[in-house]
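Subject: Structure handover

Hello,

Here is the structure I said I would pass on. Please open it beside this message and follow along; my notes come after it.

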Amino acid sequence: PGSYLVISHGLTQEPLDQVVEEYQQAGLTGVTTRAREAILRFFDGLELVEPGLVSLPGWRPTTTACDPTWFASQYNRFPTWVLCGVGHKP
């Protein structure tokens, strides 16, 4: 109880799937994409911290711990390719 799980994960989408395929053709293994529902299952039994499982630049983009302008500049780079979330074990 009280622990947190932080996940960022590639979302199954054609542009990212093409990158994964190129990695695999180059002999690099261990790269996997998943559908949103499959990523959400990693948080079973945990409480999702707001804003939940969202695209990377959408997770607390105005926090003082980082430069929000960097996230804004990256949004067009991967608007939905990478999802991230934080789960809390009650």
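In strand β4, the side chains of Val-82, Cys-84, Val-86 and His-88 point one way, while Leu-83, Gly-85 and Gly-87 point the other way. All of these residues are buried. Because seven of the seven residues of β4 (residues 82-88) are buried, the strand is largely enclosed by the rest of the structure. Please keep in mind that this is a predicted model.

Which strands pair with β4, and in what direction do they run? Strand β1 (residues 4-10) is joined to β4 by seven bridges, and the two run antiparallel. Within that pairing, you can find Ser-8 opposite Cys-84. Strand β2 (residues 47-48) also runs antiparallel to β4, with two bridges between them. Leu-48 has Gly-87 as its bridge partner in β4. Strand β3 (residues 54-55) is again antiparallel to β4 and is joined to it by two bridges. Here the partner of Val-54 is Cys-84, the residue that also stands opposite Ser-8.

For the overall layout, the protein chain has three helices and four strands. Along the sequence they come in the pattern β-α-α-β-β-α-β. The chain has 90 residues, and 29% of them count as buried.

Next, helix α1. Does its length agree with what its number of residues predicts, or disagree? The helix has 12 residues, which should span 16 Å at 1.5 Å a residue; the C-alpha atoms at its ends are 16 Å apart, so the two values agree. The expected span uses one less than the number of residues, because that is how it is defined. After α1 comes Gly-27, which has a positive phi, near 90°. For background, most residues other than glycine have a negative phi.

Tyr-23 lies in α1, which covers residues 14-25. Is Tyr-23 buried, partly exposed or exposed? Its relative accessibility is 40%, so it counts as partly exposed; the partly exposed class lies between the buried limit of 20% and the exposed limit of 50%. Tyr-23 also belongs to a nonpolar patch on the surface, together with Val-19, Leu-28 and Val-31. The accessible area of these four residues together is about 310 Å².

Thr-33 sits in the loop between α1 and α2 (36-40). Its relative accessible area is 18%, so Thr-33 is buried; the cut-off for buried is under 20%. What does the side chain of Thr-33 contact? It makes a polar contact with the side chain of Thr-12, at 3.3 Å.

Arg-36 is in helix α2. With a relative accessibility of 35%, Arg-36 counts as partly exposed. Arg-36 and His-9 are 27 residues apart along the chain, and their C-alpha atoms are separated by 9.3 Å.

Further along is the loop between β2 and β3, where you will find Pro-51. The peptide bond from Glu-50 to Pro-51 is cis, with omega near 15°. In general, most peptide bonds are trans.

Leu-56 has a relative accessible area of 24%, so it is partly exposed. How far apart are the C-alpha atoms of Leu-56 and Trp-81? They are separated by 8.3 Å, and the two residues are 25 residues apart along the chain.

Regards

Terms used: Residues are numbered from 1 along each chain as its sequence is written. This is a predicted model: local features need pLDDT of at least 70, side-chain atom pairs count only at pLDDT 80 or more; totals for chains, interfaces and linings use all residues. Side-chain values use heavy atoms; hydrogens and water are left out. Patches are made of residues with over 30% relative accessible area and no salt bridge: like charges are joined within 9 Å, nonpolar side chains (Val, Leu, Ile, Met, Phe, Trp, Tyr) within 5 Å. Accessible areas come from the Shrake-Rupley method with a 1.4 Å probe; for residues, only the protein chains shown count as cover. A salt bridge is a side-chain nitrogen of Lys or Arg within 4 Å of a carboxyl oxygen of Asp or Glu. Buried means under 20% relative accessible area, exposed over 50%, partly exposed in between (1.4 Å probe, protein chains only). Two strands pair if DSSP finds at least two bridges between them. A polar contact is a pair of N or O atoms within 3.5 Å; within protein, one must be able to donate a hydrogen and the other to accept it, and residues adjacent in sequence count only if both atoms are side-chain atoms.
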